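Here is a short briefing on the pocket, the cavities and the aromatic contacts of one protein model. Have the structure open in your viewer as you read.

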Amino acid sequence: MSIKSTTPVSLGVIIGNRDFFPDKLVGECRTDLLEIFQKVGVKPIMLDESQTKLGGVETFQEAQKCAELFRKHADQIMGILVVLPNFGDERGVAETLKLARLDVPVLIQAYPDDLNRMDVARRRDAWCGKISVCNNLYQFGIKYSLTTKHVVHPSDPSFATDLTNFVATCRVVKGMRNVRIGAVGARPGGFNTVRYSEKILQRHGISVVTVDLSQILGNANKLTKDDQSVKERLEAIKAYTPTGRTPDDKLVQIAKLDVVLADFMTEHALDATAIQCWTSLQQNYGCNVCTSMSIMSENMLPSACEVDVTGTLSMYAMQLASGSPSALVDWNNNYADDENKCVLFHCGNWAKSFLPDIEISTAPILGTTVGEENTYGALAGRTPASPLTFGRISTDDPKGIIKAYIGEGALTDDALNTFGNRAVAKINNLQNLMQYVCRNGFEHHVVMNASKTAGILKEALSNYMGWEVYEHQS
């Protein structure tokens, strides 16, 4: 699945050239590119035709000019597209990227030759030139991506898909290198599974801001139902979801907690949160935080429960890849005797996008120990059939690395008579996947997204982030 950007994304563009080949190919290429950029929502940053010969890059001096242009727009450029209308000069491309020092994803495209136009006036040889460019980038230690077809014309539908997927890859890489996650409260004592290494995450640009749950609850308890901020949040909650049989005083509690969490996120410029829930929140405050987490996730500020920091990091990565909300789920149950289906479940914090029948309810399992009256705020709802990308990012402390697994499947409309947030997933070779999850020490939480974006995630997390990524083959 290709994901079109809703707002134009700036890409640096290098048009490679070599003086053995006709210059007019460079000029024609420029026209082709402007057409496809308009189609997929890309704002190009490239040399003007007057700055170098037709705006191409061949010599070291031209590489310097292009690199200077890229550095000037470094805060805008999310990735770089290298285009080869002919063989191109591999040194010019490599030197430009080296001098620009942007450290962003790079996509290499090369034009196909026309069998009926292989004369001196129209011959391209870009098939060969692309190999040379990639060889040089490999020598320089510059990471790069490839189009699906070795050579492809910009008007080919596959290139539009390649380009939009590359833009999504750029979003993931930029976002993951700068993400800020709030860890609200301590990890629940009974959940060793969500342990993680802040230090390993920080080495990869991922910052974790911690706050004690008592501080959050203390600030919430200072608010009253008459505070304007609480009234506004209460109205927002009622507009977001039916409240079912939730008592008014519980709705006020939920709203007060929502105000404090929003303030915490604003104060620390957070992109995502992981919140202690089980069971301190119910015992010490008297409600669930699921509704607030759902609203945040729906608004592209993913939130995971049980202080699952790498879980919410996984949600954020999938959100960046697809442009749609993610949900943290449990690999929870078998689905009868079907070895390729399972039940995905959680108390009730999934984004509204997954729950067309959304309603505020309680968490019956948790209620058996803390009292169901203290679990209002959990959401009930069934996720209907949709595409599925699933996956999980984790820190592996013994190895000192970040690792992940990803894959695709489908959510189905199979019958499921239970409560909470629930879905049925069909994943080919599911038993082999579970073997991999268990043998490699991954958490019981996984993340789902209603998209087909495993390839984008693999490219971003493995190639550019340098993480160990397993892509499940179905």
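This is a predicted model: local features need pLDDT of at least 70, side-chain atom pairs count only at pLDDT 80 or more; totals for chains, interfaces and linings use all residues.

Residues are numbered from 1 along each chain as its sequence is written, and side-chain values use heavy atoms, with hydrogens and water left out.

**The largest pocket**

- A pocket here is an open set of points on a 1 Å grid over the protein atoms alone, with protein on both sides within 12 Å along at least five of seven lines; lining residues have an atom within 4 Å of a point.
- The largest pocket holds about 330 Å³ of space, where a volume is the space filled by probe spheres set on points joined across faces, edges and corners.
- Of its 16 lining residues, Leu146, Asp162, Asn165, Gly455 and Ile456 are the closest to the centre.
- Strand S5 (145-146), helix H5 (157-176) and helix H15 (454-464) each give at least two residues to this lining, and H5 has the largest share with five. Helices (H or I, at least four residues) and strands (E, at least two) are DSSP runs, numbered from the N terminus.
- Both domain 1 (10-176) and domain 2 (178-472) contribute at least three lining residues; the domain bounds come from an automatic or database domain assignment.
- By class, the pocket lining has five nonpolar, seven polar and four charged residues. Ala, Val, Leu, Ile, Met, Phe, Trp, Tyr, Cys and Pro count as nonpolar, Asp, Glu, Lys and Arg as charged, and the others, Gly among them, as polar.

**Cavities**

- A cavity is a set of grid points where a 1.4 Å probe fits but cannot get out, and there are three of 30 Å³ or more.
- The largest cavity has a volume of about 60 Å³. Its lining consists of Cys277, Trp278, Asn288, Cys290, Cys305, Glu306, His346, Cys347 and Leu366, or six nonpolar, two polar and one charged residue.

**Aromatic contacts**

- The structure has six aromatic pairs (Phe, Tyr and Trp rings, with the six-membered ring of Trp, whose centres lie within 6.5 Å; planes under 30 degrees apart are stacked, over 60 edge-to-face, the rest tilted).
- The rings of Phe191 and Trp278 have centres 6.2 Å apart and planes at 70 degrees, so this pair is edge-to-face. Phe191 lies in the loop between S6 (180-184) and H6 (198-203), and Trp278, 87 residues apart from it, in the loop between S8 (272-275) and H10 (280-284).
- Phe191 is buried at 15% relative accessible area, whereas Trp278 is partly exposed at 30% (buried is under 20%, exposed over 50%, partly exposed in between, with a 1.4 Å probe and protein chains only).
- Phe345 and Phe419 are also edge-to-face, at 5.9 Å centre to centre and 85 degrees between the planes. Phe345 is buried at 10%, and Phe419 is partly exposed at 34%.
- Tyr405, Tyr436, Phe442 and Tyr470 form one aromatic cluster. Lys403 lies over the face of Phe442, 4.7 Å from the ring centre (NZ of Lys or CZ of Arg within 6 Å of the ring centre and within 35 degrees of the ring normal).
- Lys352 lies over the face of Tyr240, at 5.1 Å from the ring centre.

**Helix H11**

- Eight of the nine residues of H11 (290-298) are buried, so this helix is largely enclosed by the rest of the structure.
- Among the buried residues of H11 are Cys290, Met293 and Ile295.
- Met300 follows H11 and has a positive phi, near 65 degrees.
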